[in-house]
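Trainee: Please take one part with me and go through it slowly: how charged side chains pair up in this model. I'd like the partners, the distances and the surroundings.

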Amino acid sequence: MTIPVMAMPLVDAPWTAIGEGIGEAAPLPGLSPESLEEVELELSSLWLGNESLVGRDIEGIEEIAAFVASKPRSSSVANALEQALADLSARKSGVRLAEFLSGSLTDTVPTARLIREASDAVDAVDAGFECLKMKVAWRSLDEDVDAVARVRDTVGKGVRLRLDANGGWDLPTA
């Protein structure tokens with residue numbers, strides 16, 4: 001499987017006197033409900049539009065979190081804002097983001113290969129990947145269940161699977 005290379009907007013959130021945090025918005029063509037152009041437009045409205053963050057007198061991280069949660073956002077933008085908030089929180093705590101999120105540091109981070117189907121999984125495992133990530137919620141739930149089962153049957157229980165619904169499922173479905 002070929003993953004297209006594309007620009008992914010970085011959120012460099014200038015929260016005035018509090019500091020700044022960095023997050024990434026990464027809508028994937030055919031998998032994310034929003035396009036790159038829609039994400040860029042939504043992000044630009046945060047810095048330039050009526051709900052602009054620029055110049056707001058925001059006193060603390062809690063106010064930023066409330067602002068992020070104040071209205072529905074696309075999953076890519078909500079994720080980028082959450083990342084930027086976590087990055088800001090880590091900076092304010094004086095620790096690296098990984099330590100802030102996990103409470104400890106590690107020298108290695110296992111990476112997952114993004115796959116769509118069982119044949120991709122075989123290629124990834126043959127390339128040495130021990131963790132695979134599947135995007136779900138872009139087809140019916142029954143199709144997702146069947147696709148995940150095919151991957152599990154193909155690679156066995158020794159390979160970790162991560163499922164990413166990109167906010168495409170409601171809580172009962174998840």
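Mentor: The structure holds 4 salt bridges, each a side-chain nitrogen of Lys or Arg within 4 Å of a carboxyl oxygen of Asp or Glu. Residues are numbered from 1 along each chain as its sequence is written, and side-chain values use heavy atoms, leaving out hydrogens and water.

Let's begin with Asp164. Lys133 forms a salt bridge with Asp164, and their closest N and O atoms are 3.3 Å apart. That pair connects distant parts of the chain, with Lys133 in strand 4 and Asp164 in strand 5 (residues 160–164), 31 residues apart. Helices (H or I, at least four residues) and strands (E, at least two) are DSSP runs, numbered from the N terminus. Asp164 also meets the side chain of Lys135 in a salt bridge, at 2.8 Å from N to O. Here too distant parts of the chain are linked: Asp164 belongs to strand 5 and Lys135 to strand 4, 29 residues apart.

How exposed are these partners? Lys135 is buried because its relative accessible area is 7%; buried means under 20%, exposed over 50%, and partly exposed in between (1.4 Å probe, protein chains only). Salt bridges with shared partners join Lys133, Lys135 and Asp164 into one network. Asp164, at 19% relative accessibility, counts as buried, whereas Lys133 has 28% and so counts as partly exposed.

Asp144 counts as buried because its relative accessibility is 2%.

Now for the neighbourhood. Strand 4 (131–135) and helix 6 (141–155) both pack against the buried residues of helix 5, as does strand 3 (113–115). Those buried residues of helix 5 (residues 118–126) are Ala118, Asp120, Ala121 and Ala124. They cover an arc of only 150° around the axis, so they lie on the same side of helix 5; the arc is that of the directions from the helix axis to the C-beta atoms. After helix 5 comes Gly128, with a positive phi near 105°.

Stepping back to the whole fold, the protein chain has 6 helices and 5 strands. Read from the N terminus, the elements run β-β-α-α-α-α-β-α-β-α-β. Of the 174 residues in the protein chain, 35% are buried.

Finally, a word on confidence. The protein chain averages a pLDDT of 78, and 79% of the residues score at least 70. Confidence is highest in helix 6, at 95, and lowest in strand 1 (residues 10–15), at a mean of 51. Over residues 1–8 pLDDT stays under 50, and the model has 12 contacts beyond four places in sequence for them. Where pLDDT is low, the predicted coordinates should not be read in detail.

Terms used:
This is a predicted model: local features need pLDDT of at least 70, side-chain atom pairs count only at pLDDT 80 or more; totals for chains, interfaces and linings use all residues. Contact means heavy atoms within 4.5 Å. pLDDT is the predictor's confidence in each residue, from 0 to 100.
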